[in-house]
Amino acid sequence: MKEIFRVAIYLRLSIEDKDKLNRTDDSESIKNQRHMLMEVVNSNTSYNLIGEYCDEDLSGAGTFRPEFERLIKDCENGKIDIVLCKSQSRFSRDMEIVERYINNKFKEWNVRFISLSDNADTENPGNKKSRQINGLVNEWYLEDVSNNIRSAFNSKMKQGEFISPFAPFGYLVDSSDNNKLVIDEVACLVVKDIFNLYLRGYGYSAIAKCLNDKNIPSPSLHKYRQGIKLNIVSNKAREEIKWNSNAIKTILKNEVYLGKLVQGKRTTISYKNHKIINKDKCLWISYPNTHEAIIDEDTFNKVQLEMKNRTKPRGNSTVHLFSGKVFCLECEHYLRKKNSSKHQYLVCSNNIICSNKSSIRYDKLESIVLIYINKLLDKFYDDVLLKENVNKKYKEIYKEKLISLESELVNINKKIDESEKYLKNLYEDKVNGVVSLEMFNSLVSNYEDNKARHSKQLDAVNKKISIYKENIKNFDEEIISKYKKLGNLNRVIVNEFIDKIYVGEIRDNIRNIKIKWNF
Ligand SMILES: [Zn+2]
């Protein structure tokens, strides 16, 4: 009786093959590998195909290959007599794996390994050396390819070309040049909001919560809705991905929003070990002005400084008004926040050693700082300059409205003139007997109606004009008083004006407080 062998074919398409593949050379394609192997299976009557194992798009370096794992398990469980591959390198380019399975385990499990293009066959004992040499060559090849890809990527990065397949949130990959970024009109507004909220004192998680409350899709959901598919999670799971503090932090730190490409921040350890490691900042590849900026440099730098200064806000709470800015005048340690049931306090974080023992009430410090800032405004605010700015910014709007009202006025007056002329003609026509008395009376009453309507319109427009003129006059005073004296503080104002606040100890009932201004 003829022996029948249970044959498994193993196919693999790897990332490095994909780069090589083009219309004229598809020798490594899955279709081609399958065709070649099935020819052998079909022409050998003692071969019985029991399964096809196919890994696509994965590296041959022995990392996660689900079908490969299944093949090995089936070999171990005695389901397979022969493993058939196009070449040994399809099975694995890793010497260790070749050695472990083809030269050892397969023998133990009674599995024969045959590869076609490099004539490896475990049934043939003289073949072992050639298998090992093949394995070695394959391993060198992989290292070589890996280095080539790395250096190609590096040179692209150095030329300021965007190499990732996915644009950072806020941008899209240009459809006509996939090494360029263009603004994503929708997402870029969210990026701007994130930077603004942060400067207004919101912490990472408070911003995330704010965006989630407004139902703004997270970066990965946004990508998905644009039709960009990531193979990481199921669609249902993706719908549930929300904004989190990490996503916010990543966006706030990303220099891409300055119009700058910074790439090569991470790398894999080697072609064998795909664990991702962060590269030292000095090794990053940075290229300016590669695309349109979303955030101006001033705002970006303020945010980076804030990030350094801020103490960690807990949970959803926003950062406190003076966070990271208050220091001890005596020992220069920062002042720690301390809460009682009634009030919040600040106290020198070094107060076991420091002479500055007593705490200061937060709201008191706030009103003191407000007085300082208002004094500063008093000293520096120039009414003339402010008026100029107000004129530029706000009066334009009123002026435009005035101009259109005045032209309306001209139109109404023109109509009044026309109907006066008409009335004069009507009298002449009546005197000359052209119109009958009946006709004349009805036309005159028509005229009276029009006249009344016109004068009403005239009144309305004149009223509007005087209101606007009054507004412009009052506007100056209003705006100036608004900017001349601040009613309360917020994080933006504090950041704008204050570098550091130094709180000293109490001597003779007086506490010394010094402010280091930002100018
Ligand atoms: Zn101190």
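In this predicted model, Leu 346 has Ile 360 in β15 as its bridge partner. This pair belongs to the antiparallel arrangement of strand β14 (residues 344-348) and β15, which are joined by two bridges. Both strands are part of an open sheet of three strands, ordered β13-β14-β15 and paired in the antiparallel sense, in which β13 (335-339) and β15 (360-361) are the edge strands, each pairing on one side only.

A further open sheet is formed by three strands in the order β12-β16-β17, and here the pairing is mixed. Its edge strands, each of which pairs on one side only, are β12 (326-328) and β17 (510-517), and the twist from one strand to the next averages 25 degrees. Strand β16 (residues 498-507) pairs with β17 over seven bridges in the antiparallel sense, and Ile 506 has Arg 511 in β17 as its bridge partner.

Among the helices, α7 (residues 185-199) and α12 (residues 297-309) have axes that come within 10 Å and cross at roughly 50 degrees. Angles from 65 to 115 degrees count as roughly perpendicular and those under 35 degrees as roughly parallel, and α7 and α12 are therefore oblique to each other. The crossing in which α7 passes α12 is left-handed. On the α7 side, the contact involves Phe 195, Tyr 198 and Leu 199, which meet Thr 299, Lys 302, Val 303 and Glu 306 in α12.

How values were computed:
Residues are numbered from 1 along each chain as its sequence is written. This is a predicted model: local features need pLDDT of at least 70, side-chain atom pairs count only at pLDDT 80 or more; totals for chains, interfaces and linings use all residues. Axes are lines fitted to C-alpha atoms, for helices over the stretch in contact, and angles run from 0 to 180 degrees between N-to-C directions. Helices (H or I, at least four residues) and strands (E, at least two) are DSSP runs, numbered from the N terminus. Angles under 35 degrees count as roughly parallel, over 145 as roughly antiparallel, 65 to 115 as roughly perpendicular and the rest as oblique. A crossing is left-handed if the near helix is turned anticlockwise from the far one by less than a right angle, and right-handed if clockwise. Two residues are in contact if their C-beta atoms, placed from the backbone, lie within 7 Å. Two strands pair if DSSP finds at least two bridges between them.
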